[in-house]
Amino acid sequence: MQVSTPSTLPEYIALFSVSSVVKKPLFGGPQVASLPFLLQGLFVFGEGMILGRRYRHRLHVLADTMIGSLTMGETFRRLGLPVETANDSQAILACVSKIAGDAVRYYGRAPDTMFDFLLTALSPPDLDVRDVKRLEKLRSQSVPLDGVLYQGGSWFVAGVSVGAYLPDDAVDRLLHNVYGQPDPLWWAELHRSGCYVPDQETFSSELFEQMASSLLAVYAKEHHPELLQPLGIQQPEAEQHGLKREPEVASVPEATVVGFRMNRLFPLAGPVYCINCISDVAAEKSWTLKAGDDRMGVAPLVRFNQGVVRYLRVPMANQFSRDRSGDWPIDDVEWNADYDLALMVKLRIPLGLRVIPSLPEPEPKARCKVCKVNLVDVRGRALSPGSSYRS
Ligand SMILES: [Zn+2]
């Protein structure tokens, strides 16, 4: 099995959310441990709500990002609809217009806690970790990646429905009250499980809102450039032709991989290879993917916006892996939130890694060990969601 580039937005967001926790076992396809997956489900649902609310008057455009994949057929089946729903944007719209109301009716009252609402009204009972016994059981279970895409996709679609059809203040209430008042014993058990529990502040932060925009922008650019304009996403070409308009969604900085650095034990920095020479090194070292993409022992060097080259170290920061002090694991005076976003949005899926930019200094003089080219001059390879998960 190979999970190729996800072609719809729900799959894209679901894959993005788990890309840093996907494991590739020795046998069988890629898997995600159930508990982290469930916690990432909050992220997927929350981003769905934000986009549903933002595009509530243009839902047909959003529906066009959900159309036509086999995975989405299965996703709609999990939402209680025929698989053919995935081929028809009117059917998708009808589905999106129904889920929120149905879920609230099932829930029996106005939802005010995101986790509780998600587990009660929008998830299969076997994922209900509010039961400590099930929580313990799920600690040792995994979900195959295609299952992650179906279930994650259905959470996203439900999020869009809730964002579009519930009043603004109801959506805000959910984003500002993710966990409610959980039973302390249960809560301690969840923390004991060892997986990262995203904090409440994340969901109500500006970054969380911005992340939804960036993911949508990157996705649309790659898969539906014709939707950029209807979605109100900034397009460089339009500016060139004097059609400049105020964009509703800012663009994400360009990020390209220009080379790799060999990992060495601190404090010796390893040699650098440009993206063109790395394939020879990869052949020499018998890496399975000849471009060094599997990164056994290498760390990618990334350039942002045709400017600074930065060294990234495995494992990568995801939006939930800030340490408990609340700091991002990035220590760089020139680093900024845009780079952060670009890193998260553009690197996670293609590299399938967790990356921490680890050197506080940018690397203006990094030269390839073989051809001596300065990495700033290397054309690089644009990062786009690729098929990093193979089995
Ligand atoms: Zn070179």
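Is D88 buried, exposed or partly exposed, and how many other C-beta atoms lie within 10 Å? D88 is partly exposed, because 15 other C-beta atoms lie within 10 Å; buried takes 20 or more, exposed 12 or fewer, and partly exposed falls in between, with C-beta atoms placed from the backbone. This is a predicted model, where local features need pLDDT of at least 70 and side-chain atom pairs 80 or more, while totals for chains, interfaces and linings use all residues. Residues are numbered from 1 along each chain as its sequence is written.

D88 sits in the loop between α4 (70-78) and α5 (89-107). Its C-alpha atom is 7.7 Å from that of G68, 20 residues away along the chain.

Zooming out, the protein has 15 helices and 9 strands, which are DSSP runs numbered from the N terminus (helices H or I, at least four residues; strands E, at least two). Of its 391 residues, 44% count as buried.

Now for α6 (residues 114-121): its buried residues are M114, F115, F117, L118 and L119. Their cover includes α2 (34-54), α5, α8 (145-165) and α9 (168-176).

Contact here means C-beta atoms, placed from the backbone, within 7 Å.

How values were computed
Two residues are in contact if their C-beta atoms, placed from the backbone, lie within 7 Å.
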